[in-house]
Amino acid sequence: QLMRGANNKNLESMLYNQLETIENNLAKTRELELFCSSLSSRLDLCLQHVGVVRYNAFDNMGGDQSFSIALLDEDGDGLVLTGLYGRDATTCFAKPVKNSKSPYPLSHEEEEAIEKAFR
């Protein structure tokens, strides 16, 4: 079984070729491990959690046209974007979020969007 495909080649030469192949594969494996580690740490900073809440911001306004959207990374960092729809105007607000909390007061709907993002 060891000599299969040897075609009368030198056994020592075959063993050196196998060792070289193994060393090349180990080097490629180390390279892939470093790449995966780098990729994993970069992914933690990417947008991973999204939560959307639609609602009526004002009485007598149908259709749930107002919204709050949480856009967060793995650590709960990102922002909450809120759009308040009214008959005459629509207003948008963006609030920074760090560790699922904001330095600005959050509405109930914004808090709900953050909670939904991690479900």
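Hi everyone, let me start with contacts: in this chain, residues 24 or more positions apart account for 37% of the contacts with a separation of 6 or more, where contact means heavy atoms within 4.5 Å. Before going on, please keep in mind that this is a predicted model, in which local features need pLDDT of at least 70 and side-chain atom pairs count only at pLDDT 80 or more, while totals for chains, interfaces and linings use all residues. Numbering runs from 1 along each chain as its sequence is written, and side-chain values use heavy atoms, with hydrogens and water left out.

Now the overall layout. The chain has 2 helices and 4 strands, taken as DSSP runs numbered from the N terminus, with H or I of at least four residues for helices and E of at least two for strands. Read from the N terminus, the order is α-β-β-β-β-α. The radius of gyration is 28 Å, well over the 14 Å that the globule rule gives for 119 residues, so the chain is more spread out than a compact globule. That radius is taken over C-alpha atoms, and the rule is 2.2 Å times the number of residues to the power 0.38. Along the principal axes, the C-alpha trace spans about 90 × 30 × 20 Å.

Of the 119 residues, 21% are buried; here buried means under 20% relative accessible area, exposed means over 50%, and partly exposed is in between, with a 1.4 Å probe and protein chains only. As for charge, the mean positions of the 12 positive and 18 negative charges are 5 Å apart, counting Lys and Arg as positive and Asp and Glu as negative, without His or the chain ends. Each charge is placed at NZ of Lys, CZ of Arg, CG of Asp or CD of Glu.

Let's look at one pair of residues together. Tyr85 is part of strand E3, residues 78-85, while Ala57 sits in the loop between strand E1 (49-55) and strand E2 (66-72). They are 28 residues apart in sequence, with 7.0 Å from C-alpha to C-alpha. Both are partly exposed: Tyr85 has a relative accessible area of 33%, and Ala57 has 31%. Leaving aside neighbours within four places in sequence, Tyr85 is in contact with Phe58, Met61, Gln65, Ser66 and Thr90. Now take Leu32, 25 residues from Ala57 along the chain: the two C-alpha atoms are separated by 51 Å.

What about the cysteines? With a disulfide defined as a pair of cysteine sulfur atoms within 2.5 Å, the count comes to 0. Take Cys46: the closest cysteine sulfur, in Cys36, is 15 Å from its own, too far for a bond. Cys46 is partly exposed at 36% relative accessible area, and Cys92 counts as exposed at 51%.

Finally, a stop in the loop between strand E4 (90-97) and helix H2 (108-117), where we find Asn99. Asn99 has a positive phi of about 55° although it is not a glycine, and at 55% relative accessibility it counts as exposed. Ser100 belongs to the loop between E4 and H2 as well. Its phi is near 65°, a positive value in a residue other than glycine, and Ser100 is partly exposed, with a relative accessible area of 25%.
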